[in-house]
Amino acid sequence: MAAASRPDLLERLAAQTAKRERAQLLRRLRTIDHVDGPWLETGHQRLLSFCSNDYLGLAQHPQLIAALTRAAREAGVGSTSAHLICGHRTEHAELEEALAAWTGRERALLFSTGYMANLGVLQAFLTRGDVCVQDKLNHACLLDGAKLSGAELKRYPHADVAAAARQLAANPAAAALLATDGVFSMDGDIAPLRELATLCTNERATLMVDDAHGLGVLGTNGAGSISAANLGQHEVPLLMATLGKALGCSGAFVAGPAALIDGLIQFARPYIYTTAMPPALAAAALAAVQLAQAEGWRREKLTALIGRFRRGAIELGLPLAASTSAIQPLLLDSADAALAAAQSLERQGLLVSAIRPPTVPQGRARLRITLSAAHEEDHVDRLLSALASSLRQGKT
Ligand SMILES: *Cc1c(COP(=O)(O)O)cnc(C)c1O
């Protein structure tokens, strides 16, 4: 009798999807058939892409491919188990050493994805009664990690250090962790790391920086946003970054003091209870780390392309954001306007993603343009003239 009124979960999910479709906010999958640097082929259409996070243009580098195939021939494909059983190979250990040295940290620990690394760190560090203070625009997985940990999550307005200070001061007795993106993934701006570091020192809070979009791109030899802010392991004990963006691979790591890494190996469940990343992937990532450090011209080229794009966009009066990074959002009034602009660009042979709620707040829809060292100057010029005509169309 009672069970007859129990809601059906599949029906409920389908109703939520239908609602999103009616609001024209449905997310759609697109299959890419072929990739050649910044060029993509999808459904017989050839598009110049400005949406990948391959900032240094390493994803198809011959040295990465050679490292991957060589290691696969020797080690096979799968790691065959979790790190703590028998999945931790020489390739992983060598990559961890190189990442620690590059970022100026005592040690590093690999995770299979950045999402898992953030869940693992926050769940290992925090528990009920603790407080986790976060920038409102932090990546979704930092927020999810805090929720999973059971700590009290407090979100301060974007980059508002004074608000973060008030949130910490309101709870002086609780153990506290402050987490921020280094470079914000949808806005491209850089967190006020020096001010946050001072605040955390004064408040005895632990500072964690997610440098998914800074590693490889910013700082001395590409060591990331913390290095660019002239900070080190002492001020920012917890660094997390991914291998799937500027390094052109997949996976992530946490780096910091030995005690941090030893603790994560014991307590980070997304580290313990999952299969280690394929050793061949670790070998490819090691090649990427070496190239990212050695080939400063990739960062210089990227910086020049960013400057070219911003100068052109200012001349055209495009709605540029205050970002100096490879992520260059154009803020549009509505989700409809962002979608229409992306569709118009696509008809002109360019792939740019429209980012709409709930990924960004209501009224903050945008085109998220990402630039890469794989682009050339004439690619940027093509993007600018296509944007000029798309956004003109949108206005009439
Ligand atoms: C991409 C990203 C992640 C997640 O990393 P994956 O390896 O893709 O799971 C975490 N944090 C930020 C800021 C990111 O941009």
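Predicted model: local features only at pLDDT ≥ 70, side-chain atom pairs only at ≥ 80, totals over all residues.
Biologist: How many disulfides does a search of the whole structure find?

Modeller: A disulfide is a covalent bond between the sulfur atoms of two cysteines. In this structure, the search finds zero of them.

Biologist: Is Cys-141 buried or exposed?

Modeller: Buried means under 20% relative accessible area. Cys-141 has 3% relative accessibility, so this residue counts as buried. Cys-51, with a relative accessible area of 23%, is partly exposed.

Biologist: Let us turn to the backbone. Which residues does the cis peptide bond join?

Modeller: The angle to read is omega, which is about 10 degrees for the cis peptide bond between Pro-357 and Pro-358. Pro-358 sits in the loop that runs between strand 13 (353–355) and strand 14 (366–370).

Biologist: What is the phi of Gln-24, and where is this residue placed?

Modeller: Gln-24 is not a glycine, yet its phi is positive, at about 60 degrees. Its place is the loop between helix 1 (9–22) and strand 1 (34–36). Arg-204, also not a glycine, has a positive phi of about 55 degrees. Arg-204 lies in the loop between helix 8 (193–203) and strand 8 (206–210), and is exposed, with a relative accessible area of 78%.

Methods:
Residues numbered from 1 in each chain as written. Heavy atoms only, no water. Disulfide = S-S within 2.5 Å. Buried < 20%, exposed > 50% of the residue type's maximum accessible area, 1.4 Å probe, protein only. Helix = DSSP H or I, 4+ residues; strand = E, 2+ residues; numbered from the N terminus.
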